[in-house]
Amino acid sequence: MTRTASFVIGILAVSIVSLAQDRPAPPPLESGASQADVDKALIAAPPNQRDQATVVKWKSDFTYETLRKGTNRLVCYDRSGFPQQQPFSVQCTSIANLTRVAQNLKAEAAGDRKKSEEILSAAEKDGTRVKPEFGSTWHSVAGPTREEARPHHAMIAVPGATTQSTGLPDNPKQGGAWIMNAGTSTAHIMVPGQ
């Protein structure tokens, strides 16, 4: 029994070392970027995408600077203290969604939720609302402090989708996944427990 256990432990150790060697190292930081800023933004990243994600830092004019250029399609950023955000707030999504994120941040800078919703509704109505990448995920972690921050929610963008096209309910009453804002560019599938 001891030989078998030693053999199994040995195989596991070799497998773990082999797996660790197969993972590429995270990309280097851009000149002047802070590792602490990168690490903070990556808190919202799914573990299997974290090491290769791009990290950006938003500027006050709703443009961004790249802190680390990743090799996958995930991009993460810090929204802590931005208008309508928690004191600690980080988010990750597809790099294809950065224009939509900028539009959201600009609308949220209006100061209150009602005004922001009016701005975004007007953009939806006049056709200038930027659509997210269909099937892209959004991961958010937020809270009053970093220590108290929790996953806020995870969602999957399905712009234009409806309850009829997805077969999903438009509310969480059944306890499973559901579609929110059906039929709009903001339509997304809410994932329970996230």
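Q: How many salt bridges does the count come to?

A: This is a predicted model. The rule asks for a side-chain nitrogen of Lys or Arg within 4 Å of a carboxyl oxygen of Asp or Glu. Here the count comes to 4 salt bridges.

Q: Which side chain meets R23 in a salt bridge?

A: Look for the N to O distance. R23 pairs with D51, at 2.6 Å from N to O.

Q: Where in the chain do R23 and D51 lie?

A: R23 sits in the loop between α1 (2-22) and α2 (35-41). D51 sits in the loop between α3 (47-50) and β1 (54-58). The two are 28 residues apart, and the pair links distant parts of the chain.

Q: How do I read exposure for this pair?

A: Exposed means over 50%, buried means under 20%, and partly exposed lies in between. R23 has 52% relative accessibility, so R23 counts as exposed. D51 has 26%, so D51 counts as partly exposed.

Q: With which residue does K57 form a salt bridge?

A: Take the closest N and O atoms. K57 pairs with D37, and those atoms are 3.8 Å apart. The cut-off is 4 Å, so the pair counts.

Q: Which elements hold K57 and D37?

A: K57 belongs to strand β1 and D37 to helix α2. They are 20 residues apart, and again the pair links distant parts of the chain.

Q: Are K57 and D37 buried, partly exposed or exposed?

A: Apply the percentages again. K57 has a relative accessible area of 40%, so K57 is partly exposed. D37 is at 31% and also counts as partly exposed.

Q: What is the N to O distance between R73 and E133?

A: Their side chains meet in a salt bridge at 2.6 Å. R73 lies in the loop between β2 (64-68) and β3 (74-78), and E133 in the loop between α5 and β5 (137-143), so the pair ties together parts 60 residues apart in sequence.

Q: What relative accessibility do R73 and E133 have?

A: R73 is at 46% and counts as partly exposed. E133 is at 29% and counts as partly exposed too.

Q: Now a contact case. Where does A109 lie, and which residues does A109 touch?

A: Find the element, then the neighbours. A109 lies in the loop between α4 (98-108) and α5 (113-126). Leaving out residues up to four places away in sequence, A109 touches F62 and P83. A109 and P83 are 26 residues apart in sequence, yet 5.4 Å apart in space, C-alpha to C-alpha.

Q: Is A109 buried, partly exposed or exposed?

A: The relative accessible area is 38%, so A109 is partly exposed.

Technical notes: Residues numbered from 1 in each chain as written. Predicted model: local features only at pLDDT ≥ 70, side-chain atom pairs only at ≥ 80, totals over all residues. Heavy atoms only, no water. Helix = DSSP H or I, 4+ residues; strand = E, 2+ residues; numbered from the N terminus. Buried < 20%, exposed > 50% of the residue type's maximum accessible area, 1.4 Å probe, protein only. Contact = heavy atoms within 4.5 Å.
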